[in-house]
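Hi,

Here's the structure I said I'd pass on. Have a look at it first, and my notes on the pockets follow below.

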Amino acid sequence: MRTKRVTVVPYDEAWESAFEEIKKEIEAVIGNMILGIEHIGSTSVKGLSAKPCIDIDVVIKDYSIFGELVDKLAAIGYIHEGNLGIKDREAFKYADKPHLMMHHLYVCPQYSEELHRHITFRDFLRHNTAAVKKYSIVKEKAAELFSDDIDKYIEYKTPCIEELYSLCGLK
């Protein structure tokens with residue numbers, strides 16, 4: 001069992017500017033190599049309660065430039081962790097970035113199913129206030145019940161996610 005403290009907080013307007021700061025730093029070193037940088041996950045949806053951690057997908061055309069991209073990201077403190085079991089989504093961790101909000105950084109080729117899932121779910125939530133309200137309540141309850149167990153937190157909110165995926169055509 002993984003033990004990680006789970007904290008879910010109400011939406012914070014500062015998350016958008018926090019994303020922009022991270023994006024600016026990344027674009028400065030790889031901007032000419034990529035197709036874009038997407039703010040994904042719960043912090044990217046106005047009104048949605050979330051764990052205070054920015055999720056980011058860097059979109060590349062394909063893997064032909066991936067080695068060079070890894071080197072350039074390493075130069076600014078990002079360490080490639082591999083795909084962590086998810087096809088076409090490469091994860092990066094970092095150290096010593098106290099000037100930036102906590103974040104998860106992923107690199108996905110434009111054809112990645114995971115990228116498609118992230119964008120589709122984000123855009124669905126951005127245009128569906130009832131879904132945002134429902135998902136917020138479930139996430140807050142899950143964090144309340146399982147604040148010391150990330151696996152149980154995820155398990156609790158999974159039925160809600162699956163229902164919302166169905167509504168936006170992901171399952």
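So, what volume does the largest pocket have? About 1,300 Å³. Bear in mind that this is a predicted model.

The lining of that pocket runs to 46 residues, and Lys51, Asp55, His104, Tyr106 and Lys157 are the ones nearest its centre. By type, the lining splits into 23 nonpolar, 15 charged and eight polar residues. Helix 5 is the top contributor, with eight residues. Strand 4 (90-94), strand 5 (103-109), helix 3, helix 4 (129-145) and helix 5 (150-167) each put in at least two.

Next comes the second largest pocket, at about 160 Å³. Its lining is made up of Ile86, Lys87, Asp88, Tyr111, Ser112, Glu113, Glu114, His116 and Arg117. Five of these count as charged, two as polar and two as nonpolar.

You'll find Glu114 in helix 3, which spans residues 113-126. Is Glu114 buried or exposed? Buried, because its relative accessibility is 12% and the cut-off for buried is under 20%. Setting aside neighbours within four places in sequence, Glu114 is in contact with Ile86, Lys87 and Arg89.

Cheers

Terms used. Residues numbered from 1 in each chain as written. Predicted model: local features only at pLDDT ≥ 70, side-chain atom pairs only at ≥ 80, totals over all residues. Heavy atoms only, no water. Helix = DSSP H or I, 4+ residues; strand = E, 2+ residues; numbered from the N terminus. Buried < 20%, exposed > 50% of the residue type's maximum accessible area, 1.4 Å probe, protein only. Contact = heavy atoms within 4.5 Å. 1 Å grid on protein atoms, 1.4 Å probe; cavity = no way out; pocket = protein on both sides within 12 Å on 5 of 7 lines; lining within 4 Å. Points joined across faces, edges and corners; volume = space filled by probe spheres on them. Nonpolar A, V, L, I, M, F, W, Y, C, P; charged D, E, K, R; others polar.
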